[in-house]
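Student: Hi! I have a model open and would like to talk through some of its side-chain packing. Can we start with the aromatics?
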Amino acid sequence: MDRLLANQLFCRVVELGSFSAAAREARLPQPSVSRLIAALEDGLDTRLLERTTRRVAPTLEGRAYYAQVEEAVRTLTHASAAARGGFADVAGHVKIAVPGALGRRLLLPRIVAALIESPELRVDVSASDQPVDFVAGSFDFAIRVGPQPSSSFVARELGRSEQWLVGSPRYLGMRGTPQDLAALRGHHVVIRGGPIAELSRLALITRMSTDEIETAYVAVHGGVGLSILPRWLVALDVLEGRLVRVLPEFELGGAPIVATYPSARRLRKPARQVLERLTQTIGAALA
């Protein structure tokens with residue numbers, strides 16, 4: 001058992017009041033979090049948390065244990081982050097552009113952590129899917145999803161965003177779960193960013209189209225139809241049963257996640273350091 005991780009997770013469950021919230025924050029499956037905390041309880045031979053269908057709360061022993069370990073866990077977490085290349089040594093002003101959904105879900109939590117770790121760091125963030133004007137906006141770099149065509153920019157691929165075809169249990173309960181491509185005919189779909197090339201030969205019924213990924217995500221959750229969404233956005237929903245991955249053997253490819261900045265401009269040291277840390281975050285999230 002990773003005792004530090006188990007104690008970190010225990011503290012976050014106490015602070016957040018939820019196994020699932022702590023699992024999402026740590027980007028771990030909820031059963032793994034439950035197992036680690038159960039192993040911690042076994043090692044201490046005491047029950048730290050009371051679990052009910054509605055809430056999680058520390059026991060009397062759990063409150064006492066939390067009071068004793070919380071500060072130590074925070075110190076060790078900070079030291080581990082610094083040893084792995086955390087933000088503690090980063091200082092200066094950085095201005096970046098990140099994609100809307102990917103930025104909010106994956107990158108902004110890391111940026112917030114950076115600001116907590118480094119009192120000498122200031123970050124200006126534009127979270128949008130609109131084209132980036134580096135000259136007018138004075139951005140150090142941008143992170144974008146999809147190919148970047150301009151040859152006057154450095155385009156450094158940080159990973160590829162795997163795509164899944166998903167639907168809600170409610171929708172699939174009404175329409176049935178297709179077992180092969182032919183069985184997709186007549187299914188309702190939510191189109192994001194244009195026609196689904198891989199499925200264009202099938203007689204699909206477009207119920208909704210949008211240029212914004214979280215709009216499609218909400219529509220799929222609501223039971224409007226099937227949609228192709230990135231794994232990093234829906235994997236936890238699939239794991240916990242809120243969404244169902246349809247035809248997992250069907251290869252939908254992936255979209256590159258790219259860091260870009262003008263090729264004539266060299267990244268300043270704080271911008272380079274922030275980009276390196278965000279690259280690690282993306283790599284871990286896509287693994």
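Student: Is Phe134 buried or exposed?

Tutor: In this predicted model, Phe134 is buried, with a relative accessible area of 7%.

Student: And what about Phe153?

Tutor: Phe153 counts as partly exposed, at 28% relative accessibility. The ring centres of Phe134 and Phe153 are 5.2 Å apart and the planes stand at 45°, so this pair is tilted. Phe134 belongs to helix H6 and Phe153 to strand E6, 19 residues apart.

Student: How many aromatic pairs does the structure hold?

Tutor: There are 2. Phe10 and Tyr65 also form a tilted pair, 5.6 Å centre to centre with 55° between the planes. That pair links helix H1 to helix H4. Phe10 is buried at 0% relative accessible area, and Tyr65 is buried at 16%.

Student: Nice. Which residues of H1 make the contact with H3?

Tutor: Phe10 is one of them, and others include Leu5, Leu9 and Val13. On the H3 side, Val33, Leu36 and Ile37 are among the residues involved. By class, the contact has 10 nonpolar, 1 polar and 1 charged residues.

Student: How do the axes of H1 and H3 cross?

Tutor: They come within 9 Å and cross at roughly 105°, so H1 and H3 are roughly perpendicular to each other.

Student: Switching topic: which charged end sits over the ring of Tyr217?

Tutor: That of Arg105, 4.9 Å from the ring centre. Lys95 lies over the face of Phe139, at 5.1 Å from the ring centre.

Student: Last one: which residues are buried in H9?

Tutor: Trp232, Leu233 and Leu236 are among them. The buried residues of H9 pack against several elements, including helix H5 and strand E6.

Key. Residues numbered from 1 in each chain as written. Predicted model: local features only at pLDDT ≥ 70, side-chain atom pairs only at ≥ 80, totals over all residues. Heavy atoms only, no water. Buried < 20%, exposed > 50% of the residue type's maximum accessible area, 1.4 Å probe, protein only. Helix = DSSP H or I, 4+ residues; strand = E, 2+ residues; numbered from the N terminus. Contact = heavy atoms within 4.5 Å. Axes fitted to C-alpha atoms, helices over the stretch in contact; angles between N-to-C directions. Parallel < 35°, antiparallel > 145°, perpendicular 65-115°, else oblique. Nonpolar A, V, L, I, M, F, W, Y, C, P; charged D, E, K, R; others polar. Phe/Tyr/Trp six-rings, centres within 6.5 Å; stacked < 30°, edge-to-face > 60°. Lys NZ or Arg CZ within 6 Å of the ring centre and 35° of its normal.
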